[in-house]
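Please keep the sequence and the structure in view while reading.

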Amino acid sequence: MAQSTFDRRRVNGPEESFPPVFDDEDDGGLGWVAMRNRGAEDIRPIFLQPGLVSQANGSAYIETENTKLACAVYGPRQSKTTTYSERGRLNVEVKFAPFSCVRRRAPLRDAEDRAVAIAVHQSIVSSICLELFPKSTIDVFIVVIENDGTEGCIASGSIAASTALADAGIEMLGLVASCSASVRGDEIRLDPVEKEVAAADGTVILACMPALSSVTNVYQSGRVSAQGALKCMELCQGRCIDVHAVMAQSLLSSRASMP
Amino acid sequence: MTSETLLPGQPVALPLGPSPTLGAGLYAKDGHVRASLVGVPRYEGPTLAISRARPHPPTTNSVVLGVVTRLSPLQATVAISVVDGLPLPAGEEFTGVIRSQDVRATEKDKVRIGECFRGGDVIKGTVISLGDARSYYITTARNDLGVIFATSEAGATMEPVSWQAMRCPRTGRIEKRKCAKPENL
């Protein structure tokens, strides 16, 4: 048993280890009340920088307070394994760094990375002109360097992936911006952090192309009333316009600084 | 026509009158012309396009350069490394094949692949079809297409002496190749 679970590829820590204990932990839902130093409809400030990974075709780094992700795009390259397809294939892979969460993140233990990958894939796949890339694969690799809630990861991942694809010069219908919301009772808070998500009844993630005013992905989990979900989507769509402006600004300034 | 940089999804301001044909990097949707790449649209004759400085997969009629990697009596396998003048990143070559009937335009049934190509030759060709799941179909059936660089058995770079022979400058031996006509002749 011990033999089969032993990971031969990596440096393994001690057999038994414990995450650090903090004083302010386990505040019993206080996260919802206390953990907010911004307005309910404000999102965290975004730092977005395209073109950081020099080996990749295109890349982007995004930081929204404690959510930090790096995204690299490779391709379009020839799909070797699949059968002939008239359209291109988009392949999204998400990995959590071992130090990205409070508790050490062992590789391949759970399916959260794949769940995030599917959500990001869904958000950006309809924005790419895949019919222009027959027989080809576009690879998007996302590394979560610091994680502050899955919802924030999916939203930031979609933003970073779309920026990296634009940086890679891959034809797409429009830039995809994304925003998350959490609901508790009648209160809606945008761009929740991990503690707020834990205390919330439900969450909504919206991805859209503000330039075309079309929605690419809506992802709702938990208990949210129909009215609440619609209200969340409306608020998120408004914030996506702001996010889109950040993306446009970062792409234009990175292009201006290119030789 | 402004010369500002456009982002994907941004509408393109078009002058009044007949609309231009759209090239790469632009698309029309719901009556609006929008950009699909980051860049400045420019006219190339009647076509309005955002120039693509990034390498892209081959399409039909693409001019490709590649290295012959494998020979069989029916076809030569080529690793495509340059598409339309843009080099692909290392290790991301596309695979193409030159079938024996696509080597030259005349006497197709007399073609012997071994007398037209050798492993390691650099060839210039055009893509005739996206082919099957594995490879693109390439043709060299034109005067300006064929082997553009080859080394002899002695290891020296050979020079073409006719459209189907090359000579080694070191030993003077003639080797058979389907040569491309040099551009400056």
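## Overall form of chain A

The model is predicted. In it, chain A contains 6 helices and 9 strands. Its radius of gyration is 19 Å, close to the 18 Å that the globule rule gives for 259 residues, so chain A is as compact as a globular protein of that length. The C-alpha trace of chain A spans about 50 × 50 × 40 Å along its principal axes.

## Interior, contacts and surface of chain A

Of the 259 residues in chain A, 49% are buried. When contacts between residues at least 6 apart in sequence are considered, 69% of them join residues at least 24 apart.

The accessible surface of chain A is about 13000 Å², and carbon and sulfur atoms account for 54% of this area. Chain A carries 25 positive and 32 negative charges, whose mean positions are 7 Å apart.

## Domains of chain B

Chain B is divided into domain 1, residues 1-53, and domain 2, residues 63-176. The C-alpha centres of these two domains of chain B lie 37 Å apart.

Gly146(B) belongs to strand β12 of chain B, which covers residues 146-149. Is this residue buried or exposed? Gly146(B) is buried, because its relative accessible area is 0%, and buried means under 20%.

Leaving aside residues up to four places away in sequence, Gly146(B) touches Val122(B), Ile123(B), Lys124(B), Thr140(B), Lys178(B), Cys179(B) and Ala180(B). Lys124(B) is 22 residues from Gly146(B) along the chain, yet their C-alpha atoms are separated by 5.4 Å.

Definitions and conventions:
Residues are numbered from 1 along each chain as its sequence is written. Chains are lettered from A and ligands numbered from 1 in the order in which they are written. This is a predicted model: local features need pLDDT of at least 70, side-chain atom pairs count only at pLDDT 80 or more; totals for chains, interfaces and linings use all residues. Side-chain values use heavy atoms; hydrogens and water are left out. Domain bounds come from an automatic or database domain assignment. Helices (H or I, at least four residues) and strands (E, at least two) are DSSP runs, numbered from the N terminus. Buried means under 20% relative accessible area, exposed over 50%, partly exposed in between (1.4 Å probe, protein chains only). Contact means heavy atoms within 4.5 Å. The radius of gyration is taken over C-alpha atoms; the globule rule is 2.2 Å times the number of residues to the power 0.38. Accessible areas come from the Shrake-Rupley method with a 1.4 Å probe; for residues, only the protein chains shown count as cover. Lys and Arg count as positive and Asp and Glu as negative; His and the chain ends are not counted. The place of a charge is taken as NZ of Lys, CZ of Arg, CG of Asp or CD of Glu.
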